[in-house]
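User: I have a model open and want to go through one part of it. Can you take my questions as they come?

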Amino acid sequence: MESNPSTMQEQSPSCLEITMEVHSVVPPPHKSTIQKLKTRLKETLFPDDPFRQFKGQPTKKKWALAAQYIFPILHWGPNYNLKLFKSDIVSGVTIASLAIPQGISYAKLASLPPIVGLYSSFVPPLVYAVLGSSRDIAVGPISIASLILGSMLTQQVSPTGDPVLFLQLAFTATFFAGLFQASLGFLRLGFIIDFLSKATLVGFMAGAAIIVSLQQLKSLLGITHFTKKMVFIPVMTSVFHNSQEWSWQTILMGFSFLVFLLVARHVSMRRPKLFWVSAAAPLVCVILSTFLVFAFKAQHHGFSVIGKLQEGLNPPSWNMLQFHGGHLGLSMKTGLVTGIISLTEGIAVGRTFASLMNYKVDGNKEMMAIGLMNIVGSSTSCYVTTGAFSRSAVNHNAGAKTAASNIVMSITVMVTILFLMPLFQYTPNVVLGAIIVSAVVGLFDIPAAYHVWKMDKFDFIVMLCAFFGVIFISVQHGLAIAVAVSIFKILMQITRPKTVLLGKIPGTDIYRDLHHYKESVKIPGFLILSIEAPINFANSTYLNERVLRWIEEYEAEDPKMHSISSLRFVILEMSTVSTIDTSGVSFFKELKQTMENKGVELVLVNLVGEVMEKLQRSNEAGDFMKPDCLFLTVGEAVATLSATIKSQSSND
């Protein structure tokens, strides 16, 4: 007798379901509250487990490892040799040639005396060389932090009307920035800076680059009376209202040097081996423009120059720190914002080059290193510094092998401060503006913006909020708006978690999203849902309402159903529910009671340890977590419950 293949195919799945081995659900191993707290704190504060290197080591070795952990220079210093020094001295001198003109330019951007920019390229690199763990980071001021520092302080204090107070507030803000950064590292709270998402940073950097560039129109056009506001409309209004002050000589020189700098940057990007072209270009511009101004006495013909700079090493400034008075809040707020921005760039730069060169950078140690160098810097006439991307890229391409390249750069800057200051007296401000514009061009990351658009439209909105907020409102408010929108997105994901309707893929025991896998089918009498988020007080009410709506939608699909009796089981797949709180426990109790009133049984599948433990604790009456309503997989649950339905039907 021939068998009917179609009959076998139809019977096969049901046979598989009935004969499937069902695994028992066991409770998680017991852990005390202290053990749970210890595990949670370890994963929160020490995810990298920095203490594992001390295990099994003798006491003397532990002390040596501890010293190397705190001072990374003790790790690479003993093995330092002449070959490494040759590479570091080349890279150190190269980045110094970039750091000197950039230091002067960025100090002007922050409305600080130009010499402060050079001071900030002398002491902080020495501190980082001792405490930093990156081989490639080159320390110094950055354009974004300079812009924020200047724009926030000028809102209340004029750098020209009260220069001493302005300088005091700048140093105090630097101290608070360093204190905040070091505290994050010491307390292992570096995850806080992760609230600045990639989309936020892309939009913020691009907006800040536009504002920085527009501010340089004062120097590039030769305008004397210019707005101090860092917003698009006031800047452009100031440019065109003072068009009578435009100087064609200044415009010619400024844009000539700007084109030269941009061409040099393009050459170095196209051919990385010619990194020295873009590195040396700013210094070449400074030397050449200074010579032209001196030779033709251009300062008497409308060219604004830096003027005489103070000679000598950094004077102490701890006596200038202001920890009282009406401007303390301004200093703290400015320090917090500049600290976050500079720390974010420094950590990103360190991780980028560590990934390229296959070595590890400890994020928390970097935070402490950057924070301590800013605290020390605030006491030695320096303002906010960090690992600058442009300088670090040059440092990397120049062949830096260790952090000693920062020491070489620092010594080179020290020689400049001691002996070469008179040479910068005739440097025109227009060339500094050109240097700043050429530096911030790299902040426009068009490919990254396009990638954000392709991947996540909501992230693209966040990016636009940061971009337009910086341009049209203010730098700090633009950043705050973008962070607020990002947090709103996270809150929406928490309070409105995704629930998915699952169906069975024919011929398998696999259950997947019905809308994703079109071939998957529903199982009659079963509503199978997957909850894809932790359950807590913020979303328990929503989930209760959403599950009940799924039931209503299940019934509405079949007009023959006049009651809910056709639905026998609601299965919740819980593999992605990592944790619940007391509200989550109440959600399950209320949902089970509602299901019982409707004649439907609630079944839970694949509970993780913490969730199962809390539900078991709440099951005092023994009627909630029944063994026959707990399964390891959806397949086992459907097979077992289907067999139960069939046995009940045969008995009836």
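User: Start with strand 6. Is it buried or exposed?
Analyst: This is a predicted model. In it, five of the five residues of strand 6 are buried, so the strand is largely enclosed by the rest of the structure.

User: Which way do the residues of strand 6 point?
Analyst: Phe 569, Ile 571 and Glu 573 point one way, while Val 570 and Leu 572 point the other way. All of them are buried, Glu 573 included.

User: How many bridges join strand 5 to strand 6, and are they parallel or antiparallel?
Analyst: Five bridges join strand 5, residues 526–531, to strand 6, residues 569–573, and the two run parallel. Ile 528 has Ile 571 as its bridge partner in strand 6. Ser 530 stands opposite Glu 573.

User: And what about strand 7?
Analyst: Strand 7 covers residues 601–605 and runs parallel to strand 6, again with five bridges joining them. There, the bridge partner of Glu 573 is Val 605.

User: What do strand 6 and strand 7 make with helix 24?
Analyst: A right-handed β-α-β unit, with helix 24 spanning residues 582–597.

User: Zoom out. What is the strand order in the sheet?
Analyst: The order is 4-3-5-6-7-8. The sheet is open, has six strands and shows mixed pairing. Strand 4 (511–513) and strand 8 (630–631) are at the edges with a single partner strand each, so one side of each has no neighbour in the sheet.

User: Which strands does helix 23 touch?
Analyst: Helix 23, residues 540–556, packs on the sheet and touches strand 3 (499–504), strand 5 and strand 6. Its direction makes about 150 degrees with that of strand 5.

User: Other topic. Where are the domains?
Analyst: The domain assignment gives domain 1 as 82–489 and domain 2 as 497–650.

User: How far apart are their C-alpha centres?
Analyst: The C-alpha centres of domain 1 and domain 2 are 56 Å apart.

User: How many disulfides are there?
Analyst: A search of the whole structure finds zero disulfides.

User: What about Cys 285, buried or exposed?
Analyst: Cys 285 has 1% relative accessibility, so it counts as buried; the cut-off is under 20%.

User: And Cys 629, buried or exposed?
Analyst: Cys 629 is buried too, with a relative accessible area of 3%.

Methods
Residues numbered from 1 in each chain as written. Predicted model: local features only at pLDDT ≥ 70, side-chain atom pairs only at ≥ 80, totals over all residues. Heavy atoms only, no water. Domains from an automatic or database assignment. Pairing = 2+ DSSP bridges. Helix = DSSP H or I, 4+ residues; strand = E, 2+ residues; numbered from the N terminus. Contact = heavy atoms within 4.5 Å. Axes fitted to C-alpha atoms, helices over the stretch in contact; angles between N-to-C directions. Buried < 20%, exposed > 50% of the residue type's maximum accessible area, 1.4 Å probe, protein only. Right-handed = clockwise from strand over helix to strand, strands pointing away. Disulfide = S-S within 2.5 Å.
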